[in-house]
Amino acid sequence: MVAARSFSGRLGFDAEPGVLSVVLARAATGRTTFLVHLGAERLMAEGSVLHAAVADQVDDLRRWYEAALTQRGIPGPDRARLHRRLLIQTPDRIAPELLEGTLRSGLEPPPSLLLLDGFDWAGNLVERAGTLGGLIGLARPLSAELWLTATVHVAPDVRRLAAPVDRFDPLITRAVDLAPRGEKLVLRHLRSEGQPLNDEIDVAELPLGGPEFIERAKPLPAGAYTLLSGGAEGAEALFGACAQSHGVQELNFSFAGRRPERTRGLVELSAEELRQGEVARGYIEQRLARKFPNTPNFQALMQTIWHQVATAGEVFIVGLLLPDGSVNGGTGWAAELAKHFHKPVHVFDQGRGHWLDWTGDEWRSVEPPRITHARFTGTGTRYLNPAGREAIEGLFTRTFG
């Protein structure tokens, strides 16, 4: 079999053993997929791989590696041989003392790539920094590359990595960001020697399947889905309650001084993070053909809606569709953003009593939808009627049973 050049080499990284590399992404945006493809490329290059994840997902990871190698056209006997150089471990936590014994288990050749998915970046700074130092210390004697994943809630940049990773900035040598851009998943270099920073690479142009790769390999459990919302009274609160009852993760974006009804998964955006979603009030009024309050709180609320929609795969709204094709109230901005980003957008019109989808040109009545993307927005009116409540509850029941 012809050895493949390492995946990190295709990204512009020279192999640099014994340093800390991190892939940052929102929940359910493809971090584990990224690691699987890194590992598959290393196996094809005749190296050995240790892939550690804190969840009980050994069978899933084996399945995903099998799919990744199959995608590359590796014949069955060769895939079986490569699997023998893949060691998957699921320790209680990602820590040097729990991995050291595994690294001495006799895997031949010794792992040249350590993929650690699920490190807890929160907690005591000194303790976590010591753990990261220990992981780097494990990689160096092996001359192994070390990659960790990190969940972030806002877009990082080259000036400052997003929280909670930013606390360990001096320890991180390489960093990339995975983020949706409309219908694409793009990768950005945030930190790399000799590599242009902030250059966006469409993941479709790389040997990465994106989050859909995992969805094809095995249906995702409810816990792998994330609701993006604002936690306000009415539709958003019910979206959150249904998410919690079905075991779906939940992120509610807010800002200082605002008191959302739901606080599960609360993300209080800083002034700098709010500015990422800044749009002139006049433009919003033009798109929605109506006036809105000229207050800092309203502007901040519109900015939180940007965070709800920008990284979602699809958008669900419960409210009232107006004759001009917009959705009533400030929630209409979520629909307009979804159209702008070319995301699937579904509206339950409480007046008509049924669901409609945006085709790109017009609204079309459809059968009640299911949630099909791992990150989805759920928002809508504060004034739910019984039909609206049933629509939200039915959406979750159809999807998760």
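User: By class, what residues make up the lining of the largest cavity?

Analyst: This is a predicted model. Ten residues line the largest cavity. By class, that lining splits into four nonpolar, four polar and two charged residues.

User: Which residues of that lining lie nearest the centre of the largest cavity?

Analyst: The space in this cavity comes to about 40 Å³. Its lining has ten residues. Those nearest the centre are Arg26, His153, Trp306, His307 and Thr311.

User: Which helix gives the most to the lining of the largest cavity?

Analyst: Look for the element with the top share of lining residues. The leading helix covers residues 296-310 and supplies three of them. That helix is α11.

User: Is His346 buried or exposed?

Analyst: His346 sits in strand β13, residues 345-349. The relative accessible area of His346 is 8%. The limit for buried is under 20%. His346 is below that limit, so it counts as buried.

User: Which side chains make polar contacts with the side chain of His346, by lines of 3.1 Å and 2.7 Å?

Analyst: Start with what His346 touches beyond four places in sequence: Glu314, Val315, Phe316, Ile317, Trp355, Leu356, Asp357 and Pro369. A polar contact of 3.1 Å joins its side chain to that of Glu314. At 2.7 Å, the side-chain partner is Asp357. The two names are Glu314 and Asp357.

User: Which residues of strand β11 are on the covered face?

Analyst: In a regular strand, side chains alternate between the two faces of the sheet. In β11 (residues 266-269), the uncovered face has Leu266 and Glu268. The covered face has Val267 and Leu269.

User: What is the bridge partner of Asn252 in β11?

Analyst: Strand β10 spans residues 249-255. β10 and β11 run parallel, joined by four bridges. For Asn252, the partner in β11 is Leu266.

User: How far apart in space are Asn385 and Gly234, C-alpha to C-alpha?

Analyst: Asn385 belongs to the loop between β16 (375-380) and α13 (386-400). In sequence, Asn385 and Gly234 are 151 residues apart. In space, their C-alpha distance is 9.4 Å.

User: Which residue has its backbone nitrogen 2.7 Å from a polar atom of the side chain of Asn385?

Analyst: Asn385 is partly exposed, at 24% relative accessibility. Its side chain has a polar atom 2.7 Å from a backbone nitrogen. That nitrogen belongs to Gly388.

User: Is Asp92 buried or exposed?

Analyst: Asp92 lies in the loop between β3 (86-89) and α5. Its relative accessible area is 75%. Exposed means over 50%. Asp92 passes that mark, so it is exposed.

User: Which residues does Asp92 contact, leaving aside neighbours within four places in sequence?

Analyst: Asp92 and Ala53 are 39 residues apart in sequence and 8.7 Å apart in space, C-alpha to C-alpha. With the sequence neighbours set aside, the contacts of Asp92 are Val54 and Leu98.

Conventions. Residues numbered from 1 in each chain as written. Predicted model: local features only at pLDDT ≥ 70, side-chain atom pairs only at ≥ 80, totals over all residues. Heavy atoms only, no water. 1 Å grid on protein atoms, 1.4 Å probe; cavity = no way out; pocket = protein on both sides within 12 Å on 5 of 7 lines; lining within 4 Å. Points joined across faces, edges and corners; volume = space filled by probe spheres on them. Helix = DSSP H or I, 4+ residues; strand = E, 2+ residues; numbered from the N terminus. Nonpolar A, V, L, I, M, F, W, Y, C, P; charged D, E, K, R; others polar. Buried < 20%, exposed > 50% of the residue type's maximum accessible area, 1.4 Å probe, protein only. Polar contact = N/O pair within 3.5 Å; in protein donor to acceptor, adjacent residues only side chain to side chain. Contact = heavy atoms within 4.5 Å. Pairing = 2+ DSSP bridges.
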